[in-house]
Amino acid sequence: MAASLKGAAFALDSTSLEWLVVTLHQKVAVKGTGTVNGVPGCGFVAYGTDTPDAVRHVVWPLSGRTVPAGDVAVRQPRQGGL
């Protein structure tokens with residue numbers, strides 16, 4: 001999985017995926033680890049929905065924890081699929 005934000009210096013590239021969930025209600029979630037701007041050691045969860053087209057990413061440093069400390073999210077219209 002790869003994601004970037006327009007107008008921001010943010011590029012997420014996955015290096016491993018822990019799980020993927022797809023529902024019958026046009027929703028998807030994926031959890032894994034990866035790099036942000038080429039720097040390793042980040043965890044992420046990405047949520048997507050088809051109605052309306054939306055993607056939400058939660059990204060956190062893995063130093064000392066495997067889940068995010070808070071709920072920091074960015075919403076961006078989906079382009080080209082998940």
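**Figure 1. Pairing of strands S1 and S2 in the predicted model.** Strand S1 (residues 2-4) and strand S2 (residues 11-22) run antiparallel and are joined by 3 bridges. Strands are DSSP runs of E with at least two residues, helices are runs of H or I with at least four, and both are numbered from the N terminus. Two strands count as paired if DSSP finds at least two bridges between them. Ala3 has Leu12 of S2 as its bridge partner. The hairpin of S1 and S2 has 6 residues between the strands, and in this hairpin Gly7 takes a positive phi near 75°. The model is a predicted one, in which local features need pLDDT of at least 70 and side-chain atom pairs count only at pLDDT 80 or more, while totals for chains, interfaces and linings use all residues. Residues are numbered from 1 along each chain as its sequence is written, and side-chain values use heavy atoms, with hydrogens and water left out.

Figure 2. S2 is joined to strand S3 (residues 27-36) by 9 bridges, and the two strands run antiparallel. Val21 has its bridge partner, Ala29, in S3. The hairpin of S2 and S3 has 4 residues between the strands. Gln26 is placed in the loop between S2 and S3. Phi of Gln26 is positive, near 60°, in a residue other than glycine. Most residues other than glycine have a negative phi. Gln26 counts as partly exposed because its relative accessibility is 45% (buried is under 20% relative accessible area, exposed is over 50%, and partly exposed is in between, with a 1.4 Å probe and protein chains only).

**Figure 3. Asn37 in the loop between S3 and S4.** Asn37 is placed in the loop between S3 and S4. Although Asn37 is not a glycine, its phi is positive, at about 55°. With a relative accessible area of 45%, Asn37 is partly exposed.

**Figure 4. The salt bridge between Lys31 and Glu18.** A search of the whole structure finds 1 salt bridge (a side-chain nitrogen of Lys or Arg within 4 Å of a carboxyl oxygen of Asp or Glu). The side chains of Lys31 and Glu18 meet in this salt bridge, at 3.5 Å from N to O. Lys31 lies in strand S3 and Glu18 in strand S2, so the pair ties together parts that are 13 residues apart in sequence. Lys31 is buried, with a relative accessible area of 12%, whereas Glu18 is exposed, with a relative accessible area of 56%. Side chains of opposite charge can pair when their charged atoms come close.

**Figure 5. Surroundings of Thr35.** Thr35 is placed in strand S3. Its relative accessible area is 13%, so Thr35 is buried. Leaving aside neighbours within four places in sequence, Thr35 is in contact with Ala11, Leu12, Asp13, Thr15 and Pro40 (contact means heavy atoms within 4.5 Å).

**Figure 6. The largest nonpolar core and Phe44.** The largest nonpolar core has 7 residues, namely Ala3, Leu12, Val30, Val36, Cys42, Phe44 and Ala46. Such a core is a set of buried Ala, Val, Leu, Ile, Met, Phe, Trp, Tyr and Cys residues joined through side-chain atoms within 4.5 Å. S3 and S4 are the elements that give two or more residues to this core. S4 gives the most, with 3 residues. Phe44 lies in strand S4 (residues 39-50). Phe44 counts as buried because its relative accessibility is 0%. Phe44 and Ser14 are 30 residues apart along the chain, and their C-alpha atoms are separated by 8.5 Å.

Figure 7. The chain has 0 helices and 6 strands. Of its 82 residues, 27% count as buried. Among contacts between residues at least 6 apart in sequence, 27% join residues at least 24 apart. The chain exposes about 5,300 Å², of which carbon and sulfur atoms supply 59% (Shrake-Rupley method with a 1.4 Å probe; for residues, only the protein chains shown count as cover). The average pLDDT is 82, and 77% of the residues score at least 70 (pLDDT is the predictor's confidence in each residue, from 0 to 100). Over residues 72-76 the pLDDT is below 50, and this stretch has 17 contacts in the model beyond near neighbours in sequence.
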